[in-house]
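Here is a short briefing on a predicted model.

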Amino acid sequence: MRPAPRAVWTFDAIGTLWSVETAEPLPPEVRSRVEGIVDAFDRTWSRFRPDSLVSVLAGSGGTVPLPPDAPAMLEVYTALDTATGGGVNPLVGDALARLGYGAGYRLSAAASPVPAPADWRRSLTWEDGRLALDAPAMIDVGAVGKGRLVDLVLAAVQESGAADVLVDASGDLAVRGAAHRIGLEHPFDPRRAIGVIEVADAALCASGVTRRAWGQGLHHVLDARTGAPVRAYAATWAVAGTALHADALATALFFEGGPELAAAWGAQWVRMRTDGRVEWSPGCTAELFS
């Protein structure tokens with residue numbers, strides 16, 4: 001029996017294409033609520049728009065009212081920092097801009113890489129209802145932000161009563177209800193997949209050095225300790241209970257310590273080295289092609 005047709009709503013947000021798949025079309029008021037959530041998130045966390053909260057802090061530092069998503073995301077950054085030995089931190093925005101991936105989309109390196117501030121836990125605090133940065137620096141939530149927003153969109157859709165939902169932010173996705181089989185796109189040939197995995201009541205996030213790449217050896221996954229793009233791994237995939245955790249792990253898996261963090265969070269994963277070798281977690285349910 002062929003599956004019943006499903007309603008698919010697509011829109012552009014935070015620089016990528018989104019789709020929300022449900023059994024029935026979403027009412028206008030639900031779409032409006034989702035659009036409001038996306039807009040508020042972008043106005044707070046986008047380092048590509050001059051009027052965002054993080055752009056203001058990048059210019060002056062200081063203290064602002066605590067954004068509602070800050071504790072969840074920055075606490076995950078603390079776990080990432082610990083697991084990767086400082087390889088991932090949220091003050092890597094200036095290092096990305098220096099290599100050309102900034103608000104002006106220069107997309108060419110202006111100078112040699114520089115490390116992100118290693119003492120970010122002292123410089124950036126979130127307590128007593130305030131987000132504080134003791135000196136100008138660009139906050140970049142790229143390791144967790146899209147996953148967090150996927151979770152927020154999913155929650156808004158579920159609150160409307162939808163049971164079977166797929167929220168897909170161009171490869172970072174969350175599923176509730178019916179399971180979906182998802183292909184793991186080959187990082188060097190988007191026409192191929194290295195495997196498939198079934199995702200049910202969970203989230204799958206991926207990251208690859210061939211996405212958001214803008215020059216020889218230049219891509220968005222930086223080692224905060226050096227400010228240079230990582231070299232050992234080409235692509236990662238993580239399945240976790242939330243897209244926030246899956247997104248974070250997709251970055252952590254570019255570093256030593258990523259697998260241990262995934263195990264602590266009960267997640268499964270696959271990653272491909274730049275030489276083509278594939279690694280996966282114990283108990284991984286992905287069907288990997290030879």
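The largest cavity is lined by L184, I197, L204, W237, A238, V239, Q268, W269, V270 and C284. Its volume is about 40 Å³. The largest pocket holds about 1300 Å³ of space.

**Cavity**
- The count is 1 cavity of 30 Å³ or more.
- Two strands, β15 (233-240) and β16 (268-273), each give at least two residues to the lining of the largest cavity.
- That lining has 9 nonpolar residues and 1 polar residue. No charged residue takes part.

- The largest pocket, at about 1300 Å³, is lined by 49 residues.
- Closest to the centre of this pocket are G142, K146, D172, R212 and H220.
- Helices α1 (28-45), α6 (145-159) and α7 (243-252) each supply at least two lining residues.
- By class, the pocket lining has 23 nonpolar, 15 polar and 11 charged residues.

**Sheet**
- An open sheet of 3 strands runs in the order β8-β9-β18, with antiparallel pairing.
- β8 (180-186) and β18 (287-288) are the edge strands. Each has a single partner strand, so one side of each lacks a neighbour in the sheet.
- β9 (residues 189-199) is joined to β18 by 2 bridges.
- Opposite G195 stands L288 of β18.

Methods
Residues numbered from 1 in each chain as written. Predicted model: local features only at pLDDT ≥ 70, side-chain atom pairs only at ≥ 80, totals over all residues. Heavy atoms only, no water. Pairing = 2+ DSSP bridges. Helix = DSSP H or I, 4+ residues; strand = E, 2+ residues; numbered from the N terminus. 1 Å grid on protein atoms, 1.4 Å probe; cavity = no way out; pocket = protein on both sides within 12 Å on 5 of 7 lines; lining within 4 Å. Points joined across faces, edges and corners; volume = space filled by probe spheres on them. Nonpolar A, V, L, I, M, F, W, Y, C, P; charged D, E, K, R; others polar.
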